[in-house]
Amino acid sequence: MKYDFAPKLAHVITDYSTAIKEGDFVVILGNTEAVPLIEALYEAVLRRGGNPVVQLNIPGLREMRLELAGDRQLDFMNPIQKLVVEEADVILAIEAPSNTKSLASSDPARITRWQQAIAPLMPVQLRRMGDGSLRWCLMAWPTAAAAQQTDMGLHAYTQFLFRAYALDQDDPVAHWCGVKALHERLLAFLGGKSHVEVKGPDVELTFDYGGREWVSAHGEVNFPDGEIFTGPVESSVNGYVRFNMPTIHQGREVNGVCLTFKDGKVVEASASKGEDYLLSQLELDEGARWLGEFAIGTNRGVDRVTGSTLLDEKIGGSFHMALGASLPQTKGVNESQLHWDMVHDLKDGGEIYVDGQLFNRGGEFTVV
């Protein structure tokens, strides 16, 4: 299946997700684990008249940099990375980990310093994605490390991803158009309303979204996809949530995250594993303690926890919340170099109410 996987995925990405046009400057980001997909994307971009450029990463270099670099080196802004964010028409980024916890032993303070060096690129990327001048797609490629993280063999994990992408369908694009149609019905219900309550085991949370937009994610920015999301009114978020799924952020695993919000800001934070890293990220900048995104996952093909946020945030019957930067499409205004998605499963009895009306119970929508 892996032989067929790369060209079929590359076709959907370049034809549907990013719709490569003649003359597009297309940057493909990936590591050596993803060479089959890099080659397939490169060929597909060429066949559509685009100009592909590959930036190939070698696993372990980021860990080496965090261990050996001096302060001036950690503060260095990579001019090639800056050029890509400012000038590319399309960025195709591949998640293909050789080690899902590569930065587990790295000093959180040094990670923070390195993040601050590239922080100016985040608002540029979000602005360009928001105004349509940059098409972006992040996709997953099966690796032994990702399969092990999911407690699966590589063959079984590859099949799992194949289904999550809907590449097992005769017409994957038609499938994703169907996802878009479902989302549009959900967004029609949400339109004109303004108040959300999330209740259930380990969560009691409220926020407003009046004046903000709910957005459908149906395979154009992330792949696999499947979520609807908004940017809560920043000062309106109140309550607490103890996330019941693990999260891996920048190669650091953090479990049992518990956040308490008061008038929009995280006032208490803890974790059963990785608390020092969690707290360091909350101090990245002023916007890091505010909520930039609330979203609900809709992809029933992602039916298990993987440890990859790209996949887990799409789990049908889950919601996720991102600390830090708002996404421009939602009209959210929070700015931060952080955008950290954390996922909570609703299938243990959670409920979401919108303006007092039940919207989702136990992970199932009640309005469509």
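Reader: Trp136 first. Buried or exposed?

Author: Trp136 is buried, at a relative accessible area of 16%. Buried means under 20%, exposed over 50%, partly exposed in between, with a 1.4 Å probe and protein chains only. This is a predicted model: local features need pLDDT of at least 70, side-chain atom pairs count only at pLDDT 80 or more, and totals for chains, interfaces and linings use all residues. Residues are numbered from 1 along each chain as its sequence is written, and side-chain values use heavy atoms, with hydrogens and water left out.

Reader: Which strand is Trp136 in?

Author: Strand β4. Strands (E, at least two residues) and helices (H or I, at least four) are DSSP runs, numbered from the N terminus.

Reader: What does Trp136 touch?

Author: Leaving out residues up to four places away in sequence, Trp136 touches Ile91, Ala93, Gln125, Met129, Glu220, Val221 and Asn222. Contact means heavy atoms within 4.5 Å.

Reader: Now helix α7. Which of its residues are buried?

Author: α7 covers residues 121-131, and its buried residues are Leu121, Val124, Gln125, Leu126, Arg128 and Met129.

Reader: Why would residues three or four places apart point the same way?

Author: An α-helix has 3.6 residues a turn, so they do.

Reader: What do the buried residues of α7 pack against?

Author: α5 (79-87) and β4 (135-140).

Reader: And just after α7?

Author: Gly132 follows, with a positive phi of about 85 degrees.

Reader: Switching to His249. Where is it, and is it buried or exposed?

Author: His249 sits in strand β11, residues 247-249. His249 counts as buried because its relative accessible area is 11%.

Reader: Which side chain does the His249 side chain make a polar contact with?

Author: That of Tyr277, at 2.8 Å. A polar contact is a pair of N or O atoms within 3.5 Å; within protein, one must be able to donate a hydrogen and the other to accept it, and residues adjacent in sequence count only if both atoms are side-chain atoms.

Reader: What else is in contact with His249?

Author: Setting aside neighbours within four places in sequence, the contacts of His249 are Gln115, Tyr277, Gln281, Leu338, His339 and Trp340.
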